[in-house]
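Here is a short briefing for a reader new to this structure. Please look over the sequence and the 3D view, then read the points below.

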Amino acid sequence: MLSLSGEHQSRTARRPPRSLKQEYHEFLLQRIEEYKNTLTREELLEIGDEAVRELEESAAAGQYLLTEVLLLEHVDRIIVRRLRLPTFPRWRQKHRALRAAQRAPTHWGLEADGPLVSSVRRLEPGDVGVVIGAAALPVALFIAAHDAEVFLLDQDLAAIEGAESRAVTEQLAGRFQALVVTFGGWFPDVSPGVVVIDPAALAPARPRDRNGLLAEARTRPGGVHVVLPSPTASEVIPLAPEALQAQYGGWQIVRRRRTKAGAGFTATKPERQLDTALNVSE
């Protein structure tokens with residue numbers, strides 16, 4: 001989880017897609033760290049002793065000088081061996097199949113023909129998406145599966161920690177950043193192509209803070225805000241999607257068909273507009 005005091009990339013920067021080798025290395029590091037976290041100090045020291053013995057045998061054969069860096073690297077190799085983690089060719093085959101499945105909206109329980117899916121599929125590798133509300137985590141992971149960088153924002157620390165854990169499990173953590181923020185107080189310094197908003201996440205915020213948050217989402221020209229439907233009719237609706245529509249003056253609004261989950265809408269920012277800011281009045 002990033003600290004709010006940390007540095008973030010410029011909103012004009014685009015990170016190149018990571019190679020499969022980089023993703024494989026990240027996969028190994030994550031599994032190694034997860035395993036280390038399950039060990040007691042004594043168990044970890046035992047692995048260290050095993051690494052020393054193996055390295056000393058190699059050093060005695062004149063292969064290299066034993067150093068702390070080599071020791072740490074060999075501890076990781078022993079863990080990889082214990083966990084029987086796949087080699088790169090085996091991992092690559094499974095990874096490609098997993099990523100293909102993750103790029104299908106039905107994998108995340110999303111509507112296959114909805115405006116959200118079409119907006120995400122227009123993103124290019126390295127583009128940025130923002131998802132407001134941890135309950136919309138499946139949407140955030142769907143965006144990350146398309147090689148876009150995604151920021152998930154919520155005010156609930158526990159929800160953000162759970163989202164981070166899920167991203168690691170899905171092998172999508174490299175393009176996924178979950179942030180605890182106070183709505184209306186801070187926004188990542190990015191220029192997203194897609195912003196997805198769960199109205200229920202904004203319900204506790206004051207109208208001024210809520211509107212300020214939307215205005216801070218410096219969406220690029222032609223970018224899209226997808227406001228998700230309300231909860232089912234049997235649930236209390238703390239903030240209807242329609243309540244946010246007034247903030248998109250000058251944007252092209254497309255209301256989705258009404259279902260049991262409510263309506264929701266999509267707002268597209270004009271390619272050219274003198275005043276591109278959202279309305280921020282209470």
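Arg-82 is partly exposed, because its relative accessible area of 43% falls between the 20% and 50% limits. Its side chain meets that of Glu-50 in a salt bridge, 3.2 Å from N to O. The model is a predicted one.

**Salt bridges**

- The Glu-50 and Arg-82 pair links distant parts of the chain, 32 residues apart. Glu-50 belongs to helix H2, and Arg-82 belongs to helix H3, residues 68–83.
- A network of salt bridges links Glu-50, Glu-54, Arg-81 and Arg-82.
- The whole structure holds 11 salt bridges.
- Arg-99 and Glu-23 also meet through their side chains, in a salt bridge of 3.3 Å, N to O.
- Arg-166 forms a salt bridge with Glu-170, and their closest N and O atoms are 3.1 Å apart.
- Arg-166 is partly exposed, at 34% relative accessibility. Glu-170 has 12% relative accessibility, under the 20% limit, so Glu-170 counts as buried.

**Negative charge on the surface**

- Glu-42, Glu-43, Glu-46 and Asp-49 gather on the surface in a patch of negative charge.
- Glu-46 is part of helix H2, which covers residues 41–60.
- Is Glu-46 buried or exposed? Glu-46 is exposed, because its relative accessible area of 53% is over the 50% limit.

**Strand pairing**

- Strand E1 (residues 128–132) runs parallel to E4, and 4 bridges join them. Val-131 stands opposite Val-196 in E4.
- E4 and E5 also run parallel, joined by 4 bridges. The bridge partner of Val-194 in E5 is Val-224.
- Strand E5 (residues 224–227) runs antiparallel to strand E7 (residues 265–268), and 4 bridges join them. Val-226 has Thr-266 as its bridge partner in E7.
- Strand E6 (residues 252–255) pairs with E7 in the antiparallel sense, over 4 bridges. Arg-255 has Phe-265 as its bridge partner in E7.
- Which way do the residues of E4 point? Val-194 and Val-196 point one way, while Val-195 and Ile-197 point the other way. All four of these residues are buried.

**An enclosed helix**

- Helix H6 spans residues 137–144. Of its 8 residues, 7 are buried, so the helix is largely enclosed by the rest of the structure.
- The buried residues of H6 are Leu-137, Val-139, Ala-140, Leu-141, Phe-142, Ile-143 and Ala-144.

**Residues in loops**

- Val-181 lies in the loop between strand E3 (176–180) and strand E4 (194–197). Its relative accessible area is 3%, under the 20% limit, so Val-181 is buried.
- How far apart are Val-181 and Asp-156 in sequence and in space? They are 25 residues apart in sequence and 8.3 Å apart in space, C-alpha to C-alpha.
- Arg-84 is found in the loop between H3 and H4. At 72% relative accessibility, Arg-84 is exposed.
- Asp-147 is placed in the loop between H6 and strand E2 (149–154). Asp-147 is partly exposed, with a relative accessibility of 22%.

**Positive phi angles**

- Most residues other than glycine have a negative phi.
- Arg-84 has a phi near 55°, a positive value in a residue other than glycine.
- Asp-147 has a phi near 65°, also a positive value in a residue other than glycine.

Notes:
Residues numbered from 1 in each chain as written. Predicted model: local features only at pLDDT ≥ 70, side-chain atom pairs only at ≥ 80, totals over all residues. Heavy atoms only, no water. Patch = residues over 30% accessible without salt bridge, like charges linked within 9 Å, V, L, I, M, F, W, Y side chains within 5 Å. Areas by Shrake-Rupley, 256 points an atom, 1.4 Å probe, with all protein chains shown as cover. Salt bridge = Lys/Arg side-chain N within 4 Å of Asp/Glu carboxyl O. Lys, Arg positive; Asp, Glu negative; His and termini not counted. Charge placed at Lys NZ, Arg CZ, Asp CG, Glu CD. Helix = DSSP H or I, 4+ residues; strand = E, 2+ residues; numbered from the N terminus. Buried < 20%, exposed > 50% of the residue type's maximum accessible area, 1.4 Å probe, protein only. Pairing = 2+ DSSP bridges.
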